[in-house]
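My entries follow in the order in which I looked things up.

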Amino acid sequence: MNIQEFKKEFDSHFFSYIKKKISSYKKITSDTQIQRFLKYIEVYTKEGKRIRPYCVYLSYIESNKKITRDVWNVMISLELIQTFALIHDDVIDNSFLRRGLPT
């Protein structure tokens, strides 16, 4: 599977996970700052090359093993760590834009 095919499949797993988590968090809080933060998570996760999870995928299939739900969760976790690193970077740098969108 090339990276474009992987990205398409990964994104379906990734966005399903993101939507489920954000929905559950929105149900337990009405705090406007937390709601805004959840919105930014949606914005930040929409784009990306997905290089990190693709490297995990390539490493795993090289061992002739089947990609399981647990492997998908590891790949999703890596992408979430990258997302939160970007958010942290914007906070520390007082950045106003990321990918042309307000931070």
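The entries below start with the model as a whole and then turn to single elements and residues.

**Entry 1. Ground rules.** I am working with a predicted model, in which local features need pLDDT of at least 70, side-chain atom pairs count only at pLDDT 80 or more, and totals for chains, interfaces and linings use all residues. Residues are numbered from 1 along each chain as its sequence is written, and side-chain values use heavy atoms, with hydrogens and water left out.

**Entry 2. Confidence.** I looked up pLDDT, the predictor's confidence in each residue from 0 to 100. The mean for the protein is 85, and 94% of its residues reach 70 or more. Among the elements, α3 has the highest mean pLDDT (93) and strand β2 (residues 101-102) the lowest (66).

**Entry 3. Overall layout.** I count helices (H or I, at least four residues) and strands (E, at least two) as DSSP runs, numbered from the N terminus. The protein has four helices and two strands, in the order α-α-α-α-β-β from the N terminus on. The C-alpha trace spans about 45 × 30 × 20 Å along its principal axes.

I then checked burial, where buried means under 20% relative accessible area, exposed over 50%, and partly exposed in between (1.4 Å probe, protein chains only). Of the 103 residues in the protein, 26% are buried. For contacts I used heavy atoms within 4.5 Å. Among the contacts with a separation of 6 or more, 66% are between residues 24 or more positions apart.

**Entry 4. Helix α1.** I compared the length of this helix with its expected span, which is 1.5 Å times one less than its number of residues. The 26 residues of α1 (residues 3-28) should span 38 Å, and the end C-alpha atoms are 37 Å apart, which agrees. At the N-terminal end, N2 caps α1, with a side-chain oxygen 3.0 Å from the backbone nitrogen of Q4. I note the cut-off for such a polar contact: a pair of N or O atoms within 3.5 Å; within protein, one must be able to donate a hydrogen and the other to accept it, and residues adjacent in sequence count only if both atoms are side-chain atoms.

Which residues of α1 are buried? I find F6, F10, D11, F14, I18 and I22. These buried residues pack against α2 (32-46), α3 (51-62) and α4 (69-93).

**Entry 5. Nonpolar core.** I define a nonpolar core as a set of buried Ala, Val, Leu, Ile, Met, Phe, Trp, Tyr and Cys residues joined through side-chain atoms within 4.5 Å. In the largest one, of 18 residues, F6, F10, F14, Y57, I67, W72 and M75 touch the most other members. The elements giving two or more residues to this core are α1, α2, α3 and α4. Helix α4 provides the largest share, seven residues. I also listed the contacts of Y57: leaving aside neighbours within four places in sequence, Y57 meets M1, F6, I67 and M75.

**Entry 6. Aromatic pairs.** I pair rings of Phe, Tyr and Trp (its six-membered ring) if their centres lie within 6.5 Å; planes under 30 degrees apart are stacked, over 60 edge-to-face, and the rest tilted. A search of the whole structure gives eight aromatic pairs. F6 and F10 are stacked, because their ring centres are 5.6 Å apart and their planes at 20 degrees. The two are four residues apart in helix α1, so about one helical turn separates them.

F6 also stacks with W72, at 6.1 Å centre to centre and 10 degrees between the planes. F6 is in α1 and W72 in α4, so this pair ties together parts 66 residues apart in sequence. Both F6 and W72 are buried. One aromatic cluster is formed by F6, F10, F14, F15, Y54, Y57 and W72.

Entry 7. E79 lies in helix α4 and is buried, at 5% relative accessible area. Not counting residues up to four places away in sequence, E79 touches F10, F14, R50 and P53. T83 also lies in α4 and is buried at 4%. With the same exclusion of residues up to four places away, T83 touches Y44 and T45.

**Entry 8. Positive phi.** R50 is not a glycine, yet has a positive phi of about 65 degrees. R50 sits in the loop between α2 and α3. Is R50 buried or exposed? R50 is buried, with a relative accessible area of 1%.

N64, another residue other than glycine, has a positive phi near 60 degrees. N64 is in the loop between α3 and α4, and counts as exposed at 72% relative accessibility.
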